[in-house]
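Subject: Structure handover

Hello,

Please find the structure below. My notes on what was found follow it.

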There are 2 protein chains.
Amino acid sequence: MSSSALPYRPHNHQACVTQALADARAICQQHNARLTPTRERVLELIWQSHKPLGAYDVLAVLAEDGHNAAPPTVYRALDFLQQYGLVHRIASLNAFTGCTHAGKSHNGMFLICRWCGNVLELTAPAVSSAVNTAAAEESFRPEDVTIEVSGCCPRCAADNAHD
Amino acid sequence: MSSSALPYRPHNHQACVTQALADARAICQQHNARLTPTRERVLELIWQSHKPLGAYDVLAVLAEDGHNAAPPTVYRALDFLQQYGLVHRIASLNAFTGCTHAGKSHNGMFLICRWCGNVLELTAPAVSSAVNTAAAEESFRPEDVTIEVSGCCPRCAADNAHD
DNA sequence: GCAAAATTTGCAACATTATAACATTAGCAA
DNA sequence: TTGCTAATGTTATAATGTTGCAAATTTTGC
Ligand SMILES: [Zn+2]
Ligand SMILES: [Zn+2]
Ligand SMILES: [Zn+2]
Ligand SMILES: [Zn+2]
């Protein structure tokens, strides 16, 4: 592993976007799903940074694009993208972020920096396994697991002494 | 442990409410915090069942009470109750549930039944520890951890064959 | 007690996030 | 072409949450 995960250090972010779009095209093709221009554009916008974007933020940019869009346009695109595992909704932020493990089956866990807003998506098998064990002890059958950790990322911790 | 946790089987729920209110009074007294009538009533309403209640659900009952309440009344009461660890907000539901570990320091993990709506709050040290380890590997300092598991509770699994 | 200060509440307006319902259009196949 | 299905446009509305300020209540210092 690198000394610091992508969102937390400068990187060629355009490469992230390009890769995400390429992955998305491949995944949609595999599933005979149509990555229409609107859907692709929304995905691209979500990927503009590693900070989650609200649906209405997306909507605003579409409007700048000259696209005469209403909320359902965005929500439908986001639903589609979620369905194919291309974006995740961050419940604690009411916002959406590009999946960094698209295509692979994974249980996302999100590290959300309170200061810079960047989000790192992890696949943490130990966490998933602990959650499953805890659920099993209650005879509970998990179907969807939300793990969102809010805190301070390494970069922001270095930049200044918060608190 | 009992064969099945409280929310998942019939029980004298009034005892849950009474206990929760008594705990709340004690905790507030300890902290010199004022459990005013409105706050206490909101806590009582949240505890009406083990199903999380939306802020506007609470508001509606207050209105039935004859209490001329507006949204801020409810949100302020809920903020207060959260501050003293008496209720938790379930981000994936936009709803609130009474804390079943009030007073004790704990990292809640919530098992949310899709079918009956009941929520079981667990303290799962193994999960917390796995989350902390995963965060530490990224040099991330967690401040607030949200773990919400949506699925099928034992009772609903027994009642019928969903899916 | 009593006035000043701090906390809590009432209230109106507003902001944000998300969905419902139905008409229209675009892609595709017989 | 024609008909079917998926996708989008459009309008309205629902659901959730916040801001700002004034009034009332409670606490504090005297
Ligand atoms: Zn993912
Ligand atoms: Zn940061
Ligand atoms: Zn709790
Ligand atoms: Zn159930």
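In which strand of chain B is B:Leu111 found? The answer is strand E3, residues 108-113. Before the rest, please keep in mind that this is a predicted model.

B:Leu111 has a relative accessible area of 0%, so it is buried. B:Glu148 is 37 residues from B:Leu111 in sequence, and the C-alpha atoms of the two are 6.3 Å apart in space.

B:Ala77 is a residue of helix H4 (residues 71-83) of chain B. B:Ala77 is also buried, because its relative accessible area is 3%, under the 20% cut-off. Outside the four places on either side in sequence, B:Ala77 is in contact with B:Arg39 and B:Val42. Between B:Ala77 and B:Asp144 there are 21 Å, C-alpha to C-alpha, and the two are 67 residues apart in sequence.

Zinc sites

The zinc ion (ligand 3) has four coordinating residues: B:His88 (NE2), B:Cys99 (SG), B:His106 (NE2) and B:Glu121 (OE), at 1.9 to 2.2 Å. Why is the arrangement around the zinc ion (ligand 3) tetrahedral? The four donor atoms subtend angles of 98 to 134°, and the class requires all angles to lie between 85 and 135 degrees. For reference, the ideal angle for four tetrahedral donors is 109.5 degrees. Along the sequence, the donor residues of the zinc ion (ligand 3) are spaced H-x10-C-x6-H-x14-E. B:His88 belongs to strand E1 of chain B and B:Glu121 to strand E4 (residues 119-123) of chain B, so this pair ties together parts that are 33 residues apart in sequence. B:His88 counts as buried at 17% relative accessibility, and B:Glu121 counts as buried at 5%.

The zinc ion (ligand 4) has B:Cys113 (SG), B:Cys116 (SG), B:Cys153 (SG) and B:Cys156 (SG) as its protein donors, lying 2.2 to 2.4 Å from the ion. The site of the zinc ion (ligand 4) is tetrahedral, with angles of 105 to 117° among the four donor atoms. The spacing of its donor residues in sequence is C-x2-C-x36-C-x2-C. Is B:Cys113 buried or exposed? B:Cys113 is buried, since its relative accessible area is 2%. B:Cys116, at 22% relative accessibility, counts as partly exposed.

In chain A, the zinc ion (ligand 2) is coordinated by A:Cys113 (SG), A:Cys116 (SG), A:Cys153 (SG) and A:Cys156 (SG), at 2.1 to 2.5 Å. The angles among the four donor atoms run from 94 to 132°, and the site of the zinc ion (ligand 2) is tetrahedral. The donors of the zinc ion (ligand 2) follow the spacing C-x2-C-x36-C-x2-C. A:Cys113 has 2% relative accessibility and counts as buried.

Helix packing in chain A

Helix H1 (residues 13-30) and helix H2 (residues 37-46) of chain A pack with their axes 10 Å apart, at an angle of about 145°. The crossing of H1(A) past H2(A) is right-handed. On the H1(A) side the contact is made by A:Val17, A:Ala20, A:Leu21, A:Ala24 and A:Arg25, and on the H2(A) side by A:Glu40, A:Leu43 and A:Glu44. By type, the residues of this contact are five nonpolar, three charged and no polar.

Most residues other than glycine have a negative phi. At 47% relative accessibility, A:Ser139 is partly exposed. B:Asn94 is partly exposed, with a relative accessible area of 45%.

Regards

Note on methods: Residues numbered from 1 in each chain as written. Chains lettered and ligands numbered in written order. Predicted model: local features only at pLDDT ≥ 70, side-chain atom pairs only at ≥ 80, totals over all residues. Heavy atoms only, no water. Axes fitted to C-alpha atoms, helices over the stretch in contact; angles between N-to-C directions. Helix = DSSP H or I, 4+ residues; strand = E, 2+ residues; numbered from the N terminus. Left-handed = near helix turned anticlockwise from the far one by under 90°. Contact = heavy atoms within 4.5 Å. Nonpolar A, V, L, I, M, F, W, Y, C, P; charged D, E, K, R; others polar. Donors = N, O, S within 2.8 Å, 3.2 Å for Na, K, Ca; no water. Tetrahedral: all angles 85-135°; square planar, octahedral: opposite > 155°, others 65-115°. Buried < 20%, exposed > 50% of the residue type's maximum accessible area, 1.4 Å probe, protein only.
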